[in-house]
Amino acid sequence: MKTPSEDQAVDQVVDRMSTKYPLMARSHIQGMVSQVHAGFLGSPVRSYVPVLVERQVKARLAQEALALAAAG
C-alpha cells in the first residue's frame, strides 16, 4: 500500500528529473514516473520504491536525451 511519504518521494523524483533534463517536458517526465511507479503497486516492500522508480526513469530519460541529441 502506498503511503503519503512514498507519494512525496515520488513527486521529488519528478522534480529532480525535471531539473536534470530541462529540455524534457515536465508533463512527459510526470507521465513516465507515474507509469514506472504503477509497476510497483503490487510490491509488498515499499521502502525502496522511489529509488527504483528514479533509477528506471533516469535510464529512460537518458536514452531519450541521447536519441534527441543524435536526431538534432
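Helices (H or I, at least four residues) and strands (E, at least two) are DSSP runs, numbered from the N terminus. The structure is a predicted model, in which local features need pLDDT of at least 70, side-chain atom pairs count only at pLDDT 80 or more, and totals for chains, interfaces and linings use all residues. Residues are numbered from 1 along each chain as its sequence is written, and side-chain values use heavy atoms, with hydrogens and water left out.

Helix α1 spans residues 4-20. This helix has 17 residues and reaches 24 Å from its first C-alpha to its last. That is close to the 24 Å expected at 1.5 Å a residue (1.5 Å times one less than the number of residues). In α1, E6, A9, V10, V13, V14, M17 and S18 are buried (under 20% relative accessible area with a 1.4 Å probe, protein chains only; exposed is over 50%, partly exposed in between). The cover over these buried residues includes α2 and α3.

Two packed helices are described by the angle between their axes and the distance between the axes. Axes are lines fitted to C-alpha atoms, for helices over the stretch in contact, and angles run from 0 to 180 degrees between N-to-C directions. α1 and α3 pack at about 25°, with axes 9 Å apart. They are therefore roughly parallel to each other (angles under 35 degrees; over 145 is roughly antiparallel, 65 to 115 roughly perpendicular, the rest oblique). On the α1 side, E6, A9, V10, V13, R16, M17 and K20 meet V49, P50, E54, V57, K58 and L61 of α3 (contact means heavy atoms within 4.5 Å). By class, this contact of α1 with α3 has 8 nonpolar, no polar and 5 charged residues (Ala, Val, Leu, Ile, Met, Phe, Trp, Tyr, Cys and Pro count as nonpolar, Asp, Glu, Lys and Arg as charged, and the others, Gly among them, as polar).

Helix α2 (residues 26-38) packs against α3 (residues 49-71) at about 130°, again with axes 9 Å apart. That makes α2 oblique to α3. H28, I29, M32, V33, Q35, V36 and H37 in α2 meet V49, V53, Q56, V57, R60, L61 and E64 in α3. The contact of α2 with α3 has 8 nonpolar, 4 polar and 2 charged residues.

E64 lies in helix α3. This residue is partly exposed, with a relative accessible area of 27%. Leaving aside neighbours within four places in sequence, E64 is in contact with M24, H28 and M32. E64 and M24 are 40 residues apart in sequence, and their C-alpha atoms are 9.0 Å apart in space.
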